[in-house]
Amino acid sequence: MTNEWWRSAVIYQVYPRSFADASGDGVGDLAGITSRLDHLRDLGIDVVWLSPFMTSPQKDAGYDVSDYRDVDPLFGTLDDFDALIARAHGLDLRVIVDLVPNHSSDQHPWFQEALASEPGSAARGRYMFREGDGDQPPNNWQSVFGGPAWTRVADGQWYLHLFDASQPDFDWSNDEVRADFRTTLRFWLDRGADGFRVDVAHGLVKADGLPDYTPPEDADSMGGAEPVPYWGQDGVHDVYREWHAVLGEYEGDRVLCAEAWMPTVGEIAKWVRPDEMHQAFNFSYLMSEWDADGLRGVIDDSLAAFGAVGAPSTWVLSNHDVIRHATRLALGDESPQGHGIGPTSLGIPDTAFALRRGNAATAVMLALPGSAYIYQGEELGLPEVIDIPDDARQDPTWFRTNGERYGRDGCRVPIPWSAASPAFGFSETGASWLPQPDSWAAYARDAQAGIDGSTLELYRALLRLRRERGLGKGGLEWLESPAGTLSFRNGDVTVLANVSADPVDLPAGRVLAASGPLPDGRLPSDTTVWVG
Ligand code: NOJ
C-alpha cells in the first residue's frame, strides 16, 4: 500500500549535536532525541530528518563519515538508533537519515588504504587521485569551504576534496563505491529508516577531464549560474535511478530527498523526475528575500517546475548551513548571506523586528501546498547567534578562510528546552559544545508553551490548521491584494502577508491564525494572517 505521505509532509530537521544531550558531555545524542520525540509529535510535524550520526571524526560535524553503517559513540549505538526508530514509529513519526555519498572522512578505512597504496592501485581508484601539473594541483578548483580543492600526498599525487581536506571525494565511476552505497542504503532501510536526505546530491560526478573553473565574482560558495564542472553533471542521475530501485524493494513509501544546490528550481527539479528522488530542497525559495514580487515569482516557478515532473514542491527557510531566517530576512545588504555573521558583521537587525518578519515568512511557507521543512529551534523563534567567541568556533569554513568567513556555527547552537535548567535543559550537566547566549532563557520551550502569541504556539497552530485543512495536499490560487502584499487561497484558507511598510485591511472572514498582533483590526507590516 502506498500513500505517498512525502508529497505533503512537514519534515523537522534534527541536528543531533544540538538537540538534546542525554549523556551530559555537551554534545547531543540519539538517546536525547528519543527522550524528546513526544515534543515533536506535540508540535505537529510528520517526519524527523536526522543530520549525520554515523561514525565520524567530526571534522565537519559528522558530514565526514568513517563508517557508514554504524553510530558514532558520541551519539550512541545502533541499539540507540533502533530505540529511536521504534519510539518515532510508535508516535506515528517517520525518520529520514542523512547520507553523505560525495565524500568520506579521510579516516575511512578505504581512504587510509588508498594512502598506503600505490598510485594507480585499485584502492586509489575509489577516490579522485590525480597527478599534478609540476608543483601545482591538477586544476584550479576551490573548496566550498575556501582554499584549494586538492591536497597533495607523500608520493606527490593529489586528491580532490570539494569540501574540507578531511573529506576526500569518492570516484562515482567506481563500481565498488556504487555497490557499497547500495549496501548502506539497505542497511538503514532494514533497520526501519523511512528514507534518506542525500548530501551534496549534485556533486558526485565530475566533468570528464576535470576542466578548470573560475566562479564569477558574485557567485556564492556553491559556484555560479553557468555550468560548473563539479555540480549537476548528467551522470549523477544514474546513481539515483539505481537508488530509486533499491528503495522500491521495500515495503511502504521510502524516500530520497536531494540536497542539490543548483541555481534555479528548474534545474533542481531534475533530481525529482519520476524514477529518481522524491523530493529536493527548494533552495531558490530559501534564498528569496522578503519581497512580495520575488516571493510570488519563486512560488510560481517552484509549483511549475516541480509540477512538470510530477513531484511536490518543497519549501524551506532554515537549515544547519544558513543564517537562521528569524535573523536573515531582516539583515542589511552589508552581510552576505552565504558567509555567516559574527561580531564584526554589519547590518545586524533588531531581534524583535527580525523575528516578526521571520514568523510572517513561516506563516506564508506553512500555507503552501507541498512539503515543508522546519529546522530545529525555528519553532522557538531562535535568532542566529552572533557573538560566539572566536576560540569557540568549530566550522571548518572559519578555519579554512582564516576567520574571513564566520561560517555556520551561529545556527548550530544547542537549543533551549527549559529556562531555569543548566544549559537551558539541553544537557543536565550544563555542558554545551557551543556556548548558548543568556538571552535564550526567554526562547526556551517551557517559557513559550501555552503562552498566547509565542512563536512556539504560532507554529503549533499553523501546523494543526495545515493538517486539518489539508493545505499540504491543496493548491494555490493568487488573489488580488494591496501593493506590497501577497495573497493567495489554498482550499478554504485565505492568506495575506504584508510585506509592505504600512498596515492594510484584513481579508473578510474569521481570523484562523496571525503571525503577530493585529492592532486596530488591521494587518501591520511584516505580519501574515490566515483567514477562513
Ligand atoms: C552539505 C551539508 O549540509 C553541510 O553541512 C556539509 O558541510 C556539506 N554538505 C559537506 O558535506
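Welcome to this briefing, which opens with a strand pair: β7 and β8 (residues 158-160) run antiparallel and are joined by 3 bridges. Strands and helices here are DSSP runs numbered from the N terminus, with at least two residues (E) for a strand and at least four (H or I) for a helix, and two strands pair if DSSP finds at least two bridges between them. The model is predicted, so local features need pLDDT of at least 70 and side-chain atom pairs count only at pLDDT 80 or more, while totals for chains, interfaces and linings use all residues. Residues are numbered from 1 along each chain as its sequence is written, and side-chain values use heavy atoms, leaving out hydrogens and water.

**The sheet around β7 and β8**

- The β7-β8 pair belongs to an open sheet of 3 strands, ordered β6-β8-β7 with antiparallel pairing.
- β6 (129-130) and β7 (150-152) are the edge strands, and because each has a single partner strand, one side of each lacks a neighbour in the sheet.

**Domains**

- The chain is assigned domain 1 (5-103 + 175-461), domain 2 (104-169) and domain 3 (477-531); such bounds come from an automatic or database domain assignment.
- Between the C-alpha centres of domain 2 and domain 3 there are 54 Å.

**The ligand site**

- The ligand is surrounded by 13 residues, and the closest are Asp 60, Asp 199, His 320, Asp 321 and Arg 408; a residue is near a molecule if one of its heavy atoms lies within 4 Å of it.
- Polar side-chain atoms reach oxygen atoms of the ligand from Asp 321 at 2.4 Å, from Asp 60 at 2.6 Å and from His 320 at 2.8 Å.
- The protein buries 97% of the 290 Å² that the ligand exposes when taken alone; accessible areas come from the Shrake-Rupley method with a 1.4 Å probe, and for residues only the protein chains shown count as cover.
- The shell holds 7 charged, 4 nonpolar and 2 polar residues. In this grouping Asp, Glu, Lys and Arg are charged, Ala, Val, Leu, Ile, Met, Phe, Trp, Tyr, Cys and Pro are nonpolar, and the others, Gly among them, are polar.

- β14 (residues 477-478) and β15 run antiparallel, joined by 2 bridges, and Trp 478 has Phe 488 in β15 as its bridge partner.
- The β14-β15 hairpin has 6 residues between its strands, with Gly 484 at a positive phi near 80°.
- β15 also runs antiparallel to β16 (residues 493-498), here with 6 bridges, and Asn 490 stands opposite Val 493 in β16.
- In the β15-β16 hairpin, 2 residues lie between the strands, and Gly 491 in the turn has a positive phi of about 60°.
- β15 (residues 485-490) is mostly covered, with 5 of its 6 residues buried; buried means under 20% relative accessible area, exposed over 50%, and partly exposed in between (1.4 Å probe, protein chains only).

**Two buried residues**

- Pro 101 sits in the loop between β5 (94-99) and α3 (109-115), and it counts as buried because its relative accessibility is 0%.
- Pro 101 and Leu 204 are 103 residues apart in sequence, with 7.2 Å between their C-alpha atoms.
- Leu 295 is part of helix α8 (residues 292-308) and counts as buried because its relative accessibility is 5%.
- Leu 295 and Gln 448 are 153 residues apart in sequence and 29 Å apart in space, C-alpha to C-alpha.

Methods:
A polar contact is a pair of N or O atoms within 3.5 Å; within protein, one must be able to donate a hydrogen and the other to accept it, and residues adjacent in sequence count only if both atoms are side-chain atoms.
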